Amino acid sequence: MASKEEGEDEDIVRVELPGPVADQESERPLLDDITQLEGFRGRCQTDTGVIVRLRKNPRLHKNHRSKVVTLLLNDHDLEQDLQGDIRSKLPSVRIRRFTSSRSIKDRRRDLHRVSEGRYVRPRPFWERYEDLKNRNRVSFRNVARAVKVSTLERIEIQARKWHKWRMRFKDIRQSVTLFHGTLRQIEGRYGMAIMTYFRFVKWLMFLNFYIMVIMFTILVIPYAAMNSSSFDDYVRNLSSPELNITSEDYRMIMRTVNCSQQYITHTDKIHGPTHSKATIFLDLIQGTGFMESSIMFYGAYKNRTHTEDGQEVVYNVGVAYLCSVFFSLLLSFILIIKNSAKNMKASHGVEKSVAQFTNKVFGGWDYCIKESKAASHKRNVIGVALVADLADQERTKRLGLRTWVDWLEVWGMRIVINILVVILLCGSLALIGLTTAKMIDKSDGKGSSAAHNLFFQFVPHLTINLLNLVVPRVFQKLVIFEEYTHEFQIKITLFRSILLRLASPVALMVMLYHKLLLEDNKQKICGNIRWTDDDDPNSVRCWETYVGQQVYKLLLIDIVIVILVVLLWHSPRRYMNTKYRDRSKIVKFIGPQEFDLPKSVVDIIYAQNLCWFGLLFCPLIPAITLLHNVIVFFVKKVDLFKNCRPESRPYKTSKSTSLFMKVLLLSFMCAVIPVGYVIGKIQPSQSCGPFRLYGDDSYRMYYSLVNNVYSWDKVPQTVFFFIGTGIFVVPLLILLMLLMYYYWVIGSGYATKKEIAMEDLKMEKMDTKFLLKRINKDKEELLRKDSDC
């Protein structure tokens, strides 16, 4: 029930509440917001009801305002809403709420002052206790609350101070870090998305630096610094083993000595003692000659000795070799997982949004941009993204109108294109295998020129890099006809390109494994099938070094191609586009070169995959990969500033780093599995490497570590072998599975919460539209009644 009272400046409407509300609460009700309409607010309170005061609104006449209030209050549903609002605004409820949260509010206010730079002395417990005594409110509950609040207040203030100092230290550390200015410059001109790629390359630099430190500390430096062992004297015929000539150990050592002598003789005979500049250059790009017998590759390593307390102690290079590879891969795995977990939060829940266009308009700007040209490009990118999203929305509507015949056409086209993609992938891998077989079989060096032999040595590597340049472009054109959304087009093209990139070196290694170790029609000599005459320059007498040379050449060619693509394609394209864009339609159609972020990421991860795979065969490959990363960083930077522009529809920045880490983890697994297979299943060569002394048919590389464990004391030996038993492994696997299940449940819970929040946002939007529609309808009815009157 409502009645009207008039004053000089404003109308007053008395609202009589039903009896039960007044009976339930003895306190006087208070109403702060009667409705969201402009001009309404609650001001006064009485014992019998609520006085609603209406502020002046120039758009309504004075006699109309009270009618609006009366009309709204006569609505039954709105009256129930007002009653619920009144219950929540009762003074008793407000006082209790304020009393329970007063200390928290004070604490937040103090922390806010601290954050602004003003120090606020925390109130100790004795001051709070004196305050309670003065107000006669000493009780166990209030004293406990005072203890809690004073303690938490001190803790939070100290935590805020520590956080401030930590942030200052972080700023100082970032200002002196490597490439900090370059990254800021890229971020200011091209935004966060492209800067994320260069930051990822920088992260790989440090990863390879850490791996290089491990390899040098455990393997390379000790090997180079220590003296030669007695085995070197055996090889140089300076001495012979002091063993019974009829023993198995003596026969095994002498067989290894004989194989090593033949390998050294072959290397010296093929490459000779003198080297011209051309020969040095060829050895440098192929990893042969003087590089083959250096610490660059696996074949040069053997046990060393050092003097300790006047006694000569043997440094087991085989154990050091396995430990350095293991710790390098373990460190890589830990850093990848850590970085993936750190960036997972930034990419969680950004794929979908209930306010897609609102987010782009009000939250799509990159505030790291500080140049007008980059800002203009960012505006164009946002505009293109909005147009593309509208086109996707229109496409979704059209999909709803398609008939089953139209869907059959679309799915038929997708099936045909996927068959073509499979054919391209299989054909690429078959071509790589064919060129690798030709490299091993046809380049025999007899009657062939040096150019012919050099060409065949690089055919597989050139084929791999050429396919990696051409085939992904074909994938980008084919995916257009599949009629996917833009985001899904990027994902499926990335997946296909990654599959080709990671499968290419695997196909090369599989063919090398087949040709070097599995051919049944040839007999193994010193652990090598391709052991031919001494005059054959391509005789493979150390298959581990041969595999390391192939990885080395792949990495070297990748560096050369990165530089040549910028010099011979991107720079001329930029020149043509700048000078002849307005004169030639073809140049205008081609347009400027865009910075292809996904492809650049796949390329750098491909190089890192080669590094992990080559650790076992080329211990210095982390240093070469580090050099590769530095060259790629600066070449890509120059290419970006001089020749390229950002993509018109770039990949989402929040998902970039998470995507990089996922692809990197996949490439890590693709590299670790073959390395583990070689260590555990393949017989090492008897002519080279740190495992040559034990190179019989049944020996495997990891036996060197196991034999070393047998020399330990009983307790650590027992612990080591217990770790490999099922009693330890099975519970560990069960615990890991339970842990994975726990985090999977947590992730499912977060996903459910996200879906519920999305639905709540949708319902809020629906409620807002409904209320606005209802208010507008009530206004129209009121105005129509006034006009009728």
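Visitor: How are α20 and α21 oriented to each other, roughly parallel or antiparallel?

Guide: This is a predicted model. An angle over 145 degrees counts as roughly antiparallel. Helix α20 (residues 597-614) and helix α21 (residues 621-642) pack at an angle of about 170°, and α20 and α21 are therefore roughly antiparallel to each other. The axes of the two helices are 9 Å apart.

Visitor: Which residues of α20 meet α21?

Guide: Begin with the general idea. An α-helix has 3.6 residues a turn, so residues three or four places apart point the same way. In this structure, the α20 side of the contact includes Ser600, Ile604, Ala607, Gln608, Cys611 and Gly614. Their partners in α21 include Ile621, Pro622, Thr625, His628, Val632 and Lys636.

Visitor: Is α20 mostly covered or mostly open, and how many of its residues are buried?

Guide: A residue counts as buried when its relative accessible area is under 20%. In α20, 18 of 18 residues are buried, and the helix is mostly covered. Across the chain, 41% of the 789 residues count as buried.

Visitor: Which residues touch the most other members of the largest nonpolar core?

Guide: That core has 106 residues, and the ones touching the most other members are Tyr197, Phe198, Leu512, Trp543, Trp612 and Leu616. Helix α8 (residues 192-225) gives the most to this core, with 15 residues. A second, separate core has six residues, among them Phe231, Val235, Ile253 and Leu693.

Visitor: What is leucine 512 in contact with, beyond its neighbours within four places in sequence?

Guide: Leucine 512 is in contact with Thr436, Met439, Ile440, Leu517, Tyr546, Val547 and Gln550. For the chain as a whole, take the contacts with a separation of 6 or more: 72% of them are between residues 24 or more positions apart.

Visitor: Where is lysine 370 found, and is that residue buried or exposed?

Guide: Lysine 370 lies in the loop between α13 (356-363) and α14 (372-400). Exposed means a relative accessible area over 50%. Lysine 370 has 66%, so it is exposed. Arginine 189 is 181 residues from lysine 370 along the chain, yet their C-alpha atoms are separated by 6.7 Å.

Visitor: How many helices and strands are there in the chain?

Guide: The chain has 25 helices and nine strands. Its accessible surface comes to about 45,400 Å², and 61% of that belongs to carbon and sulfur atoms.

How values were computed
Residues are numbered from 1 along each chain as its sequence is written. This is a predicted model: local features need pLDDT of at least 70, side-chain atom pairs count only at pLDDT 80 or more; totals for chains, interfaces and linings use all residues. Side-chain values use heavy atoms; hydrogens and water are left out. Helices (H or I, at least four residues) and strands (E, at least two) are DSSP runs, numbered from the N terminus. Buried means under 20% relative accessible area, exposed over 50%, partly exposed in between (1.4 Å probe, protein chains only). Contact means heavy atoms within 4.5 Å. Accessible areas come from the Shrake-Rupley method with a 1.4 Å probe; for residues, only the protein chains shown count as cover. A nonpolar core is a set of buried Ala, Val, Leu, Ile, Met, Phe, Trp, Tyr and Cys residues joined through side-chain atoms within 4.5 Å. Axes are lines fitted to C-alpha atoms, for helices over the stretch in contact, and angles run from 0 to 180 degrees between N-to-C directions. Angles under 35 degrees count as roughly parallel, over 145 as roughly antiparallel, 65 to 115 as roughly perpendicular and the rest as oblique.
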